[in-house]
Amino acid sequence: MDNISIARLLDETASLLEIDAADPFRIRSYRRAAEAVEQQTTQLVTLVDDPKQLLAIPGIGKSMAANIQALLSTGTIPLREELLQKYKPTMLELLRLPGMGPKTVALVWSACQVSDIDSLEAAAKAGHLTKLPRMGEKFVTKLLKGIEDHRKNSSRFRVDKAQYHADIISNLIREFPGIDEITPAGSLRRGRETVGDLDLLVTGPACESDVVSAAVEYVAALPLIDKLLAKGQNKVSFTLRNNLQVDVRLLPRSGYGAALQYFTGSKMHNVALRQRAIKRGLTLNEYALLRVEDNTIIAAASEADIYNALDLDYIPPEVRENSGELEAAAAHTLPHLITLADIRGDLHMHTDATDGRDTIRQMAEAALARGLKYIAITDHSKNLAMTNGMDDARAIDHIKNIRKIDAEMKGKIRVLPGIEVDILADGALDLEDTTLAQMDIVVASVHSHFNQSIEEMTTRVLRALENPYVRILGHPTGRKVLGREGYAINIDLILKRVAELGVAVEHNANPARSDLNDLNLRLAKQYGCKIVVDTDAHSTEELDQMRYGITQLRRAWLTPTDILNTKPTADSFLQSLRSKP
DNA sequence: GCCGTTTTCGGCCCGACTGTTTTCAGTCG
């Protein structure tokens with residue numbers, strides 16, 4: 001069992017305890033333990049014989065260490081089993097619906113024996129819920145909408161989770177002798193925000209057709225497989241414990257490019273590409289690009305060969321959606337898409353002063369190690385009390401600490417003082433202008449939206465933008481990739497105003513948080529908005545999530561000049577922002 | 001359930017916002 005699975009089970013136990021109305025602090029200790037386990041770089045399964053190392057992890061005490069050992073040896077923990085006698089596992093899914101917290105889940109269970117989404121929907125539609133305390137028409141409407149959204153998304157996995165599993169599986173497969181290359185294809189390679197299943201393409205001498213069976217057997221016996229679905233000549237399909245389906249294809253080097261092209265998609269891109277081939281008397285399939293008349297192979301080993309043989313420039317996977325990329329590749333006008341290496345600064349991150357894990361110095365050094373030239377420390381303001389958000393006095397004090405680290409970094413990397421302020425329901429910010437005036441970067445973000453109407457929400461953000469100290473609009477749509485949808489907002493209006501005022505709009509790179517989708521990114525470019533991409537990192541590791549933001553920018557066809565934090569220095573970046581009053 | 005002591009028990013993240021209320025419980029970040 002890997003760390004992520006352990007973390008998930010601990011987290012589920014916490015949720016069950018919540019439904020059971022257990023001691024909140026006990027619940028939190030399970031959540032904290034889950035987080036701690038998830039952040040471990042070494043797999044706990046390797047430490048199981050040495051409880052001392054488990055206990056060395058902050059948040060893991062005697063009982064939790066015993067829980068982890070039980071998980072590793074039996075796959076579950078006694079407390080979890082006990083709770084599952086009282087409650088159904090499907091109730092955990094109910095918690096993912098908006099407005100459904102532990103109390104409400106417990107209520108519908110005790111009052112209507114509702115324990116899963118289908119029966120909750122039925123009860124809602126039959127009007128049974130409005131008879132319960134604190135549940136009116138509005139709640140039911142919101143709930144039904146939430147169920148609909150949930151169904152749309154729940155079968156897909158967030159890109160970073162899929163990438164994590166792809167990396168683990170790839171590392172295991174790579175241990176087999178004669179494997180050279182493993183590439184995730186499909187929507188993961190195209191950089192979609194969510195992934196339905198994982199397609200891993202593998203090649204190397206061990207994948208040649210006369211010897212491939214040994215490698216197939218090896219893959220089919222991987223320890224992390226939950227259910228083996230199929231085992232063919234060169235393909236193994238299985239699911240992981242989290243239900244993610246994985247298809248591993250072992251392919252000879254000679255046809256690797258054709259397979260990569262075929263399985264990367266998208267479907268629409270491939271259809272258009274095959275039509276182009278047919279016009280040229282060629283046919284394209286998953287094995288090769290062939291001449292129709294005599295089946296001669298024209299190209300197969302690399303994707304570039306195939307595109308070039310069709311008189312196209314190489315098309316990066318992120319833009320393979322049949323939305324103009326074939327025409328552009330034919331005309332040699334594909335833009336030079338932005339890459340991770342173009343990014344010079346990260347303008348949104350947190351430290352242990354609020355809800356981050358690491359210190360200002362650790363963040364600065366980690367950013368430096370990642371090649372960045374400047375960062376902004378933007379901890380939370382007081383309204384986010386739960387994060388230990390800072391009031392005016394603390395925020396001003398924090399600037400001193402940031403400047404001190406900035407000086408200590410001796411110009412190797414600039415560390416800019418900033419703050420992430422909360423936009424209140426009336427559009428006001430929760431700190432004084434005199435405080436904001438001392439910050440280089442003020443990120444204004446909405447943190448509570450609930451059921452404000454589109455008009456209210458839009459007005460709220462527009463009002464906040466009028467504050468002259470706001471330099472970046474943080475997570476403008478509040479959109480989450482999975483689960484609860486973001487707030488309803490007139491993004492069109494917001495982006496227009498952002499462009500007029502010279503405020504920058506944030507593209508939040510962290511898939512777990514919120515961001516602009518590629519459509520809105522294109523809109524932002526069209527309106528001439530200044531765009532920054534940042535990680536909103538809460539730990540040094542999260543700085544690595546910049547890669548997911550870049551992929552989204554590439555999907556929107558954006559180039560280095562479209563993004564503000566490709567500016568080479570902190571000064572040139574600050575100059576390109578809305579000027580301070 | 002963890003942690004750190006003042007070493008064996010008390011503290012641990014709290015305020016805005018909503019719906020259904022007529023004073024507040026529950027959700028969310």
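1. Basis. Residues are numbered from 1 along each chain as its sequence is written, and chains are lettered from A and ligands numbered from 1 in the order in which they are written. The model is predicted, so local features need pLDDT of at least 70 and side-chain atom pairs count only at pLDDT 80 or more, while totals for chains, interfaces and linings use all residues; side-chain values use heavy atoms, with hydrogens and water left out.

2. Salt bridges overall. The whole structure holds 38 salt bridges (a side-chain nitrogen of Lys or Arg within 4 Å of a carboxyl oxygen of Asp or Glu).

3. E18 and R31. These side chains form a salt bridge with an N to O distance of 2.7 Å. E18 lies in helix α1 (residues 3-19) and R31 in helix α2 (residues 24-39), so the pair ties together parts that are 13 residues apart in sequence. Helices are DSSP runs of H or I with at least four residues, strands are runs of E with at least two, and both are numbered from the N terminus. E18 is partly exposed at 24% relative accessibility, and R31 is partly exposed at 22%. Buried means under 20% relative accessible area, exposed over 50%, and partly exposed in between (1.4 Å probe, protein chains only).

4. E321 and R555. The closest N and O atoms of this salt bridge are 3.1 Å apart. E321 sits in the loop between α15 (303-309) and α16 (325-330), and R555 in helix α23 (residues 546-555), so the contact ties together parts that are 234 residues apart in sequence. E321 is partly exposed at 24%, whereas R555 is buried at 8%.

5. R357 and D358. This salt bridge has its closest N and O atoms 3.1 Å apart. R357 is partly exposed, at 35%; D358 is buried, at 7%. Elsewhere, salt bridges with shared partners join R190, E321, D518, R522 and R555 into one network.

6. Strand β12. In β12 (residues 374-380), 7 of its 7 residues are buried. Strand β11 (residues 345-346) runs parallel to β12 and is joined to it by 2 bridges (strands pair if DSSP finds at least two bridges between them). D346 has I375 in β12 as its bridge partner. The chain passes from β11 through helix α17 (residues 360-369) to β12 in a right-handed β-α-β crossover, meaning that, with the strands pointing away from the viewer, the path from the first strand over the helix to the second runs clockwise.

7. Strand β13. β12 and β13 (residues 414-422) run parallel, joined by 7 bridges. T378 stands opposite G418 in β13. With helix α18 (residues 392-408), β12 and β13 make a right-handed β-α-β unit.
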